[in-house]
Structures are given as C-alpha cells and as structure tokens.
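Please open the structure in your viewer and keep the selection tool at hand. Each stop of this tour states what to select and then what is to be found there.

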Amino acid sequence: MVQVVKSSFEILTPVDADFVLRHIENCGRTCYQSFDKKDETSHLRFLKHIVSRHHESVIEHFSVSVKFIMDRAIANELVRHRLASFSQESTRYCCYAKEKFGNEITVIKPVMLEENTPAYDTWKNAMEGIEKAYLAMLEQGQTPETARSVLPCCLKTQIVVSANLREWKHIFNMRCSEAAHPDIRFLMRDLKAEFQKRIPIIFDDEV
C-alpha cells in the first residue's frame, strides 16, 4: 500500500550561534584590519553593522547543511539554486520493491489537499495505481531506472542541501514568497523560523 507522509527537514550542521557570529566577525574584520576593536560583544555589533549595510559576502564564510524529505517536483525547484551542493535520493538505484523501502512507494501529501475529501481520494487512488504499475514492471524484469518512468512528481525524495548563509537568505526570499509553490513555501517558512532561532542577527531581517 502506498505510504503517504508530510514533507519535513532536519538541520544537519551543528549550529552554535556564538561560534558562527564570532567566526564571521573574524573573517569580516580582515577587510578592515580592525581586529583591535574585538571584545566580548563586538561580534554582535559587527554583524548588525554588516547586515544593515547589506555586505552579505561576509556571511558566505559559514555554511549549513539541511536534509529535506519532500516530493521530487519541489526538489526540482530547489536544485535550481546555483550556489549550493546537493545530494539526492536516486530513483535509478533505489528499488522501492525492496524490504528496506517497505516494498512500497512513499509519496508526499500536497499541502493543499485535505484528507477525507473527493479530491484527496482521487489523488490517493491514482497513487495506488501508480504503485501497482511500478511494482509490476519490476516483477516483469525491468530495472528500477526503467520502472521509475511511471513514478509521480509527488514521490518522496530525500535531498541534502549545503549552502552558505547568504545563499540560504536568497533561498528563503525566493521560496517563502507568496509567488512560490505552496508545498515548498510551507516547508521553507518553518525552516526559516529555525534559522532565525539558531542564528540571530543574520536572519533577523527575514519576514
């Protein structure tokens, strides 16, 4: 039976806000050769100044890796961001008929579909039909890379994204806007809130 799950994320990089801000201060003060101005709280003042002046090249000196569980269509939007590294679950090599995948496909429920509605039931029935077709092709001797041709856009995928802080700000600006797809906006707004909590000042201006 098709497994239906919600999209989610996990921040993989250990983030110590004090370390991050002091590290960026050390990198940034190279520009001004102003190391003599460092003190116990100078990193806070320095970062506030940098952010207010939009000197965002300095915050590229720290990167964060995030693992997402999302549908493949939304992952295709995410990988369009150029200044990042991506490692994504491969449907060429992952055979969902194997025990470690529960002998089933897993799909992401679209956020705009409510359970126990006619539209949701239509979607779920379609997913079950796709799973039967996929498993049948494998039983008929086709390889996973051939059988994957019937898999849906909402197939669950895991993808790790590593990007510097400046690029994360750009990603949030693009993917949290009202013009973004509802599924990626839903996920990215929660992730942005985590960045604001874990790395203050740098993401304070994100709304």
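**Before starting**

The model is a predicted one, in which local features need pLDDT of at least 70 and side-chain atom pairs count only at pLDDT 80 or more, whereas totals for chains, interfaces and linings use all residues. Residues are numbered from 1 along each chain as its sequence is written, and side-chain values use heavy atoms, with hydrogens and water left out. Helices (H or I, at least four residues) and strands (E, at least two) are DSSP runs numbered from the N terminus.

**Stop 1: Thr13**

Select Thr13, which is placed in the loop between β2 (8-11) and α1 (17-32). Is Thr13 buried or exposed? Thr13 counts as buried, because its relative accessibility is 17%; buried means under 20% relative accessible area, exposed over 50%, and partly exposed in between, with a 1.4 Å probe and protein chains only.

Next, display the residues around Thr13. Apart from its neighbours within four places in sequence, Thr13 is in contact with Phe62, Ser63, Val64 and Ser65, where contact means heavy atoms within 4.5 Å. A polar atom of the Thr13 side chain lies 2.7 Å from the backbone nitrogen of Ser65.

**Stop 2: α1 and α2**

Two packed helices are described by the angle between their axes and the distance between the axes. Select α1 together with helix α2 (residues 42-52): their axes come within 9 Å and cross at roughly 65 degrees. Axes are lines fitted to C-alpha atoms, for helices over the stretch in contact, and angles run from 0 to 180 degrees between N-to-C directions. Under the terms used here, angles under 35 degrees count as roughly parallel, over 145 as roughly antiparallel, 65 to 115 as roughly perpendicular and the rest as oblique.

Which residues make this contact? On the α1 side they are Asp18, Leu21, Arg22, Ile24, Glu25, Gly28, Arg29 and Tyr32, and on the α2 side Ser42, His43, Leu44, Phe46, Leu47 and Ile50. Of the residues in the contact of α1 with α2, seven are nonpolar, three polar and four charged. Here Ala, Val, Leu, Ile, Met, Phe, Trp, Tyr, Cys and Pro count as nonpolar, Asp, Glu, Lys and Arg as charged, and the others, Gly among them, as polar.

**Stop 3: Ser34**

Move on to Ser34, in the loop between α1 and α2. Ser34 is buried, with a relative accessible area of 8%. Show its side chain and that of Arg29: a polar contact of 2.8 Å joins the two. A polar contact is a pair of N or O atoms within 3.5 Å; within protein, one must be able to donate a hydrogen and the other to accept it, and residues adjacent in sequence count only if both atoms are side-chain atoms.

**Stop 4**

Select His54, in the loop between α2 and β3 (63-71). Although His54 is not a glycine, it has a positive phi of about 60 degrees. His54 counts as exposed, at 57% relative accessibility.

Now select Ile201, in the segment after α7. Ile201 is not a glycine either, yet has a positive phi of about 75 degrees. Ile201 counts as buried, at 9% relative accessibility.

**Stop 5: Glu128**

Glu128 is placed in helix α4 (residues 118-139) and counts as partly exposed, at 24% relative accessibility. Select Met1 as well: Glu128 and Met1 are 127 residues apart in sequence, while their C-alpha atoms are 6.8 Å apart in space. Leaving aside neighbours within four places in sequence, Glu128 is in contact with Met1 and Val2.

**Stop 6: α6 and α7**

Finish with helix α6 (residues 165-175) and helix α7 (residues 182-198), which pack at an angle of about 140 degrees with their axes 9 Å apart. The two helices α6 and α7 are therefore oblique to each other. Leu165, Trp168, Ile171, Phe172 and Arg175 of α6 meet Ile184, Arg185, Met188, Leu191, Lys192 and Phe195 of α7. The residues of this contact comprise eight nonpolar, no polar and three charged.

Within α6, select Arg166, which is partly exposed with a relative accessible area of 33%. Beyond its neighbours within four places in sequence, Arg166 is in contact with Glu56, Ser57, Ile59 and Glu60.
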